[in-house]
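These are my notebook entries on one structure.

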Amino acid sequence: MILGMDFKKFLMVVLAGIALSACATQKKAGMMAGDVYTGSDTVEYLATGVKDRVFFATNKSTLTTASRDTLRKQAAWMRKKKDLKFTIEGHADERGTREYNLALGERRANAVKDYLMTYGINGSRLSVISYGKERPVNSGSSPLAWSQNRRSVTVKAD
Amino acid sequence: MKKLILTVFCIFLFNGKALSLVQVDITRGNLDPLPIAVSPLHVESGSKDIKQDGKIIKNVGEKISKVIEVNFRRSGLFNPLKKDSFVQNPDIAHVKPRFEDWRLIKAQALVTGKVKVTDDKLRVEFRLWDTVAAKEMIALAFSTTPNNWRRVAHIISDKVYKRLTGEEGYFDTRIIYVSETGPKTQRYKKLAIMDQDGANVKYLTLGNELVLTPRFSPKNQLVTYLSYFRNLPRVYLLDIETGVQEVVGDFPGMTFAPRFSPDGKKIIMSFAKDGNSDIYTMNLETRVVEKITDHTSIDTSPSYSPDGKYIVFNSDRSGLQQIYVMRSDGSQVKRITFGKGLYGTPVWSPRGDLIAFTKVHKGKFYIGVMRTDGSGERLLTENFYQEAPSWSPNGRVLIFYRETKSDSQGKGFSAKLWSIDLTGYNERLIETETDGSDPSWSSLLSK
């Protein structure tokens, strides 16, 4: 009996350990899909539930499913805020040459602008600016930091 | 910037190259630099001290010889010998060196000279001697304003370099670069200019707006660069003598990656609109704008060949960043890089025979050179991050910048200027007051 109790306890501890480690790997994997950042550590909100930024794969300006979802929410909110204008800032990570990154940031910002326009936002309300690799949000030199820096951020224009 | 008034009196120029035994081969990595003695320049009696920027400079003859020594040592081609082994007084050595004494300390070449400083004039005379053949190789005199004493040292260095290597020097030149301070997420960037040895640094902008990629005109005191003035990234032109700035062209979007044409009359740059970057030129006299590339990909980092007939640039039209060459009218576009990895920032050598570039492969950054058809690739240096090479005006040295890894707080981050010889030897840090990036080398200020 006593032995059996101990064994049960032991089993429970082991199971808890497995669950914990599974949780940890899931969380880590959940931060990036491929090399696109999927977490929300750096994300700010334009309004409740409306994320201000989307993330990109290395050297790419393609919008992921999650990015398109974020941008549809941005567009829905922008349609309600008819008097507001926006600047879309395109950014790159530090792992490319400066001039190419300026062009890449511009391409990313325009990919966002184009998508917002297809959801009914007038292009005259949206301006773009590329910062290339000049304004990282995470100072680190790690794949996670770079994934957070490959982004396009929608900000209210003044 | 004060204009230099420099008069050169040629006392006697020994021009019999075949007679001299001392020669420096700069085409190979120089592992055996030439031992050279730079005797302190003798200050003639009655000379005054130089007053410069509130400082008093005594014994300018010795100061000039030190600047020359540093130039020589940094070139990697010369080994300036310690002055405490010199046995002959500078004034006597300048008139008639005892060659056997200089040979005894292993000097193969000897620089001697004298200076005279009056209120408004600095007169410098120097000679280069071949101690092995016991012959004078150069004798020259200069007159200039006393404040130009460092330039005198650079000009002497260039004359000696040319006499001993057979090629133009690069010491009487300047570097324009971006001075960086502040945290990595919010860097303050200013345009800065300095002599090639790091002296006489001056800041040309205040740091209120982001500035990037300054490049010298090969012909005059103009600089072109990218500024985020009023949050509109545009290519600007700056006259470093007058301080006058102007935006280049009237483009409805970002212009970037500017460079001058070899005659200094045009600016070539990228213009980004609707997610597409193409290459344009603008004639600075007529203001006529021409579109050079027309492709849905990113076309950027253009650089002319020194004869102006070709343009090398960077494009991702194949899917990833590669280097292409075309005629200067945009025709006959040809990809020249096919190696593993990405290629960027191509710059045509002033000698015309090579293109320097940045290569990114397996998470490492390389500075390399290749022939203008893409063959003969040689990688000179590998690092965590480095890019944007710029050629010395004689095409023998490349200057570039290098960044270090940092943690998420930005700790460990730095951006520094480095130089390396075309041979891949003689890699050197160029000390700057602040962090630095995007260096561009000027032409020789005096020829």
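Which hand does the crossing have where α1(B) passes α4(B)? I found a right-handed crossing of α1(B) over α4(B). By the convention I used, a crossing is right-handed if the near helix is turned clockwise from the far one by less than a right angle, and left-handed if anticlockwise.

Basis of the entries. I worked on a predicted model, in which local features need pLDDT of at least 70 and side-chain atom pairs count only at pLDDT 80 or more, while totals for chains, interfaces and linings use all residues. Residues are numbered from 1 along each chain as its sequence is written, and chains are lettered from A and ligands numbered from 1 in the order in which they are written.

Entry: helices α1 and α4 of chain B. I took helices (H or I, at least four residues) and strands (E, at least two) as DSSP runs, numbered from the N terminus. Helix α1 covers residues 60-75 of chain B and helix α4 residues 149-165; their axes come within 9 Å and cross at roughly 45 degrees. That angle makes α1(B) oblique to α4(B). Angles under 35 degrees count as roughly parallel, over 145 as roughly antiparallel, 65 to 115 as roughly perpendicular and the rest as oblique. Axes are lines fitted to C-alpha atoms, for helices over the stretch in contact, and angles run from 0 to 180 degrees between N-to-C directions. I noted the residues that meet: α1(B) brings, among them, Ile64(B), Val67(B) and Phe72(B), and α4(B) brings residues including Trp149(B), Val152(B) and Ile156(B). Contact here requires C-beta atoms, placed from the backbone, within 7 Å. The residues of this contact divide into nine nonpolar, three polar and two charged. Ala, Val, Leu, Ile, Met, Phe, Trp, Tyr, Cys and Pro count as nonpolar, Asp, Glu, Lys and Arg as charged, and the others, Gly among them, as polar.

Entry: domains of chain B. Chain B is divided into domain 1 (7-165) and domain 2 (174-441), with bounds from an automatic or database domain assignment. Taken over C-alpha atoms, the centres of the two domains of chain B are separated by 35 Å. Nine residues from domain 1 of chain B and eleven residues from domain 2 of chain B make the contact. On the domain 1 side, α1(B) gives the most, with three residues. That side divides into two nonpolar, four polar and three charged residues.

Entry: an open sheet in chain B. Four strands follow the order β29-β30-β31-β32 (chain B) with antiparallel pairing. Pairing requires at least two DSSP bridges between two strands. β29 (385-391) and β32 (428-430) of chain B stand at the edges with a single partner strand each, so one side of each lacks a neighbour in the sheet. From one strand to the next, the twist averages 35 degrees. Five bridges pair β29(B) with β30 (residues 397-403) of chain B, and Trp391(B) stands opposite Leu398(B) in β30(B).

Entry: chain B against chain A. I recorded 34 residues of chain B in contact with 24 residues of chain A. Strands that each supply at least two residues of the chain B side include β13 (211-216), β18 (266-273) and β29 of chain B. By class, that side has twelve nonpolar, 17 polar and five charged residues.

Entry: the mixed sheet of chain A. What is the order of the four strands in this open sheet? The order is β5-β8-β6-β7 (chain A), and the pairing is mixed. β5 (53-55) and β7 (126-132) of chain A are the edge strands, each pairing on one side only. β6 (residues 86-91) and β8 (residues 151-156) of chain A run antiparallel and are joined by five bridges; the partner of Phe86(A) in β8(A) is Lys156(A). α2(A) packs on this sheet, touching β5, β6 and β8 of chain A, and its direction makes about 160 degrees with that of β5(A). α3(A) lies across β5, β6, β7 and β8 of chain A, at about 155 degrees to β7(A).

Entry: helices α2 and α3 of chain A. The axes of α2 (residues 65-80) and α3 (residues 98-118) of chain A come within 9 Å and cross at roughly 55 degrees; α2(A) and α3(A) are therefore oblique to each other. α2(A) passes α3(A) in a right-handed crossing.

Terms used: Contact = placed C-beta atoms within 7 Å.
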